[in-house]
Amino acid sequence: MPKICAKIHESVMGNVLAAADSNIIGKHLSFNGVDIYISELFYRKEEISDKEFVELLNEYDNCNLFGNYTVGVAISNGFVDKDTVMLIDNIMHVVLLKL
């Protein structure tokens, strides 16, 4: 089972939680002819537990999530509706914006 990797990006426009499955970090995916790189610089600061991840989802209003495990935890804890999830090379992706 993969671990959840997470990193907080701070900006004057608001903070972003980036999280992804540890086993897809460094992979290239393709979507409609566009290469998507799951960058270690963007997604990995530390590996966190599911509980820590849920706490971060409660805290942040802007989240960029990649990976079947990571997005699955967000779905099972009520943060994401499974019908809003994109599949890119059979890997789940969602951008969560809370208004």
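**Strands, turns and a charged patch**

Q: What makes β1 and β2 a hairpin, and which residue in the turn has a positive phi?
A: β1 and β2 form a hairpin with six residues between them, and Gly14 in the turn has a positive phi of about 125°. A word on the basis: this is a predicted model, where local features need pLDDT of at least 70 and side-chain atom pairs count only at pLDDT 80 or more, while totals for chains, interfaces and linings use all residues. Residues are numbered from 1 along each chain as its sequence is written, and side-chain values use heavy atoms, with hydrogens and water left out.

Q: How do you know that β1 and β2 pair, and in which sense do they run?
A: Two strands pair if DSSP finds at least two bridges between them. Six bridges join β1 (residues 4-9) to β2, and the two run antiparallel. Lys7, for instance, stands opposite Ala18 in β2. The strands themselves are DSSP runs (E, at least two residues), as are helices (H or I, at least four), numbered from the N terminus.

Q: Which strand pairs with β2 in the parallel sense?
A: That is β6 (residues 62-66), with four bridges to β2. In β6, Phe66 is the bridge partner of Ala20.

Q: Why is β2 called largely enclosed?
A: Buried means under 20% relative accessible area, exposed over 50%, and partly exposed in between (1.4 Å probe, protein chains only). Six of the six residues of β2 (residues 16-21) are buried, so the strand is largely enclosed by the rest of the structure. Val16, Ala18 and Ala20 point one way, Leu17, Ala19 and Asp21 the other way, and all are buried. In a regular strand, side chains alternate between the two faces of the sheet.

Q: How do you know that Met92 is buried or exposed?
A: Met92 has 17% relative accessibility, so it counts as buried. This residue lies in strand β8, where five of the seven residues are buried, so β8 too is largely enclosed by the rest of the structure. Met92 and Tyr69 are 23 residues apart in sequence and 8.5 Å apart in space, C-alpha to C-alpha.

Q: How many bridges join β6 to β8, and how many join β7 to β8?
A: β6 and β8 run antiparallel and are joined by five bridges, with Leu96 in β8 as the partner of Cys63. β7 and β8 pair in the antiparallel sense over three bridges, and Met86 has His93 in β8 as its bridge partner.

Q: What makes the turn between β7 and β8 worth a look?
A: The two strands form a hairpin with two residues between them. Asp89 lies in that loop and has a positive phi of about 50° although it is not a glycine. With a relative accessible area of 43%, Asp89 is partly exposed.

Q: Why is Asn32 called exposed?
A: At 70% relative accessibility, Asn32 counts as exposed. Asn32 lies in the loop between β3 (28-31) and β4 (34-37), and has a positive phi of about 50° although it is not a glycine.

Q: Which residues gather in the patch of negative charge, and which helix gives the most to the patch?
A: Glu46, Glu52, Glu55 and Glu59 gather there, on the surface. Helix α2 (residues 50-59) gives the most, with three residues.

Q: Why is Glu52 called partly exposed?
A: Glu52, placed in helix α2, has 38% relative accessibility, so it counts as partly exposed.

Technical notes: Patch = residues over 30% accessible without salt bridge, like charges linked within 9 Å, V, L, I, M, F, W, Y side chains within 5 Å. Areas by Shrake-Rupley, 256 points an atom, 1.4 Å probe, with all protein chains shown as cover. Salt bridge = Lys/Arg side-chain N within 4 Å of Asp/Glu carboxyl O. Lys, Arg positive; Asp, Glu negative; His and termini not counted. Charge placed at Lys NZ, Arg CZ, Asp CG, Glu CD.
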